[in-house]
Amino acid sequence: MARFTLIKENTNIDFVGKRLIAFVFSILLLVVGGIAVALKGLDFGIDFTGGVMIEVQAKKAFDVAAMREKLAGLNLGEVQLQNFGGPNGLLVRVQPIGRAVDRDAAAVLRVKEALGPTLDYRRVEAVGPAISAELLRDGILATVLAVLAIAIYVWFRFEWQFGLLALVTTGYDVLATLGLFAVFDLEFNIAAVAALLTVAGYSINDTVVVFDRIRENLRKFRRDPLPRIINRSVNETLSRTIRTSSTTLLAVFALLMFGGDVILNFNAAVLCGVLIGTFSSIYVAAALLLYLPAPKALRPAAEPREGETPPKAAG
Amino acid sequence: MFYFAPWRIVLTSLICLAGVIFSIPNLFSRAQLDSLPDWLPTQQINFGLDLRGGSHLMLEVDMETVIKERLESQVDAVRGALRAKQIGYTNLGVEAGMVRVDIRDAAKREEALREIRALAAPVSGAGMFVGAVRDIDVTAEAGGRIQVALTAEALAERKRHAIAQSIEIIRRRIDEAGTRDPTIQRQGEDRILVQLPGEQNPDRVKRLIGKTAKMVFRLVDPTATPEDIASGRAPAGSEILESDGRRADGSAEQHYAVRKRIMVAGDTLVDAQPTFQQGMPVVSFRFDSAGARRFGDATKENVGKPFAIVLDDRVISAPVIREPILGGSGIISGSFTVESARDLAVLLRAGALPAPLRVIEERTVGPSLGSDSIAAGRFAGAIALVLVVGYMIATYRLFGVLATLALGINMALIIGALSLLQMTLTLPGIAGIVLTIGMAVDASVLIFERIREETRAGKTPIAAMDAGFARAFATIFDSNITTFFAAAILFAMGSGPVRGFAVTLGLGLITSVYTAVEVTRLIMVFWYRRTRPRLLPV
């Protein structure tokens, strides 16, 4: 029967043996991201910095230089202008000065006055300092809580070793994706936090599938050494991991290409995050188990008989 | 898995059918739906402001002013109580969030304390027992000083009241301005969220809610010289106020010395209308009977003198009283445009806010961007569907077709649930649905891969399918519930568009697990019973 397959059936790849390469690659990715954050910083959107953002569309191309001069005359402080979605689109960002509360509302009115009423105002956003501080705090809190909740659930369903690894790999995926925001100069806003949480949720999904198989194989092959169990488990779930990543990537790819400019950053971040998450589930998460005390509770002392029926899962 | 209880077949079929029926209205236009009979479901997905266009305004009530005014009224009450008993005092005022007063005569300190304590009133709605919680705590300090602090309950009650009152007045102002379907909600301790759907002018609404609109009539102080006014020095009992009219550079056109004592307060107004006088836009107003009497008396005593109409500490106009105004109505003429006259009339009719409001967040999406976003989301979703379905059929062939069927039902369930429960769909929410298209097949993949493994291990089709479903279930449940945690936290912490993403992502996870373990299974049972294959096409 002819079939389109991406993955060989019955793979037997030595993932555990190649773990050092995978670790080095993972750490490199994190370091590159960390350097980019340290050197360039994250490009925080107005959700987190406060300030004003206005997107306008005109019938003809904008003379950005003339516009810049016109808006500079308003004395609003730092004003950034750039074309957005083609020459007929313009994105204006006004940085907040000080902590004045209702300055933003006034800035919106004055920019609108300067640009004139005939344009198509597609988006106007003004975020005050109290709101932006809250959004940043809530965003960080949400991400930390999500990663913790995931780790605690895995701890309860499996054993503490798995919970700890879920914490480490999910945290890693989030941080590595965050680093890519700095590397690729993607704007970091509220949607970006949603993207990070999506990545955390997606990546743990993959990891849990691998852990689940390790738990099953630990019971099934009681006498096998841990490295062989891990290799077997990753290989057995490999076809599923790659298929699911493929369909998810296809969907995210469609979003990235055709979903529009407004959530472009979100889609780009999810795309990178899914790749990172898949990689860490296959190469990193399970292999790290070797460095922790063996999960004993799941693996009662080996008995001499082979091929026995595995005991029912607890819980 | 072979045995499927009849009730489960019926239930699963009904749920799928309901998903399809409730998602169908989204294929039609609103007008077509309105012509249908009432018993058919006609609810469509509720698009968020980022998709249909509109404004989201977050307002903050200036609670400092609210508390300050509450303390000042407490100062007045203390003054009244001490004067009534002829108790001598000094240093009455507000200090560090408390009212304090020094009683001069040591012999009267006890009496003063008693009198001030008697001012305490029960806080309404603070507990089950009436009078259980008082609004003030009165303490005697060394040196004859008495301190009056507002209790936490009194402060909370005052804030609650200020928010409720502000919402009521905002609603009146916005309704009178002819805004369609506004939503006005309290948010947290001191915030109010105003949402204006569709193509509307948020700037006008911002102007309308940006004014406290406290209007008072006060006399102009004729003893102030032009030099005094220019240098900002006001005679005792008066203050210098700016005019409402502005020059091009934003500075005040004119300054006035105005008596601090209020002649007539604006809360006695019962009506205000924009109108014209000699071709100029003006605002006519009418007092209630008490206000009319006071206005009549005041104008009678001050014929020939100028008085100031003051709105939020700015002088709108300062006409001279030509004759006593006894009818209880009058006209405000200032430098009005047609629109500003109309806005002032709206403000006066709706009443004054208890405290100033500030716009601390504005998010407006124009209708063109909204419809572009919907179109982009639809197109991206269609492409994602084609790619994923193509991939599934190419790798799993017949089972891929079954998975596609399950995916279709999954989509119908999501859209049906969104329509039925009237949850808000936002642009990130559309991304959540498209993402679900990619992730939903995961459950099917897990099951198929299991069946494939079991088949390879030499099991019969029935045994392989049975084991495949049974073993995959725990994995599907564990892996999806962890993702669900992320969605739930995002829902709890997020706001607006991001919350819309959490809704569709979480909803998608639930429907994906359900379709995988119930619907896919049912489809496979029917398929197996019909064809009885000896080998599974996995």
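This is a predicted model: local features need pLDDT of at least 70, side-chain atom pairs count only at pLDDT 80 or more; totals for chains, interfaces and linings use all residues.
**View 1. Strands β13, β14 and β17 of chain B form an open sheet.** The three strands stand in the order β13-β14-β17, and their pairing is antiparallel. At the edges are β13 (269-277) and β17 (329-332) of chain B, each of which pairs on one side only. From one strand to the next, the twist averages 25 degrees. In general, the strands of a sheet pair through backbone hydrogen bonds, in either a parallel or an antiparallel sense.

**View 2. Strand β13(B) pairs with strand β14 of chain B.** Strand β14 of chain B spans residues 280-287, and its antiparallel pairing with β13(B) extends over eight bridges. For A272(B), the bridge partner in β14(B) is F285(B).

**View 3. Helices α6 and α7 of chain B pack at an angle of about 140 degrees.** Helix α6 of chain B consists of residues 152-176 and helix α7 of chain B of residues 202-209; their axes are 10 Å apart. Because of this angle, α6(B) counts as oblique to α7(B). The crossing in which α6(B) passes α7(B) is right-handed.

**View 4. Residues of α6(B) meet residues of α7(B).** From α6(B) come I170(B), R173(B) and I174(B), and from α7(B) come V205(B), L208(B) and I209(B). Of the residues in this contact of α6(B) with α7(B), five are nonpolar, one is charged and none is polar.

How values were computed:
Residues are numbered from 1 along each chain as its sequence is written. Chains are lettered from A and ligands numbered from 1 in the order in which they are written. Axes are lines fitted to C-alpha atoms, for helices over the stretch in contact, and angles run from 0 to 180 degrees between N-to-C directions. Helices (H or I, at least four residues) and strands (E, at least two) are DSSP runs, numbered from the N terminus. Angles under 35 degrees count as roughly parallel, over 145 as roughly antiparallel, 65 to 115 as roughly perpendicular and the rest as oblique. A crossing is left-handed if the near helix is turned anticlockwise from the far one by less than a right angle, and right-handed if clockwise. Two residues are in contact if their C-beta atoms, placed from the backbone, lie within 7 Å. Ala, Val, Leu, Ile, Met, Phe, Trp, Tyr, Cys and Pro count as nonpolar, Asp, Glu, Lys and Arg as charged, and the others, Gly among them, as polar. Two strands pair if DSSP finds at least two bridges between them.
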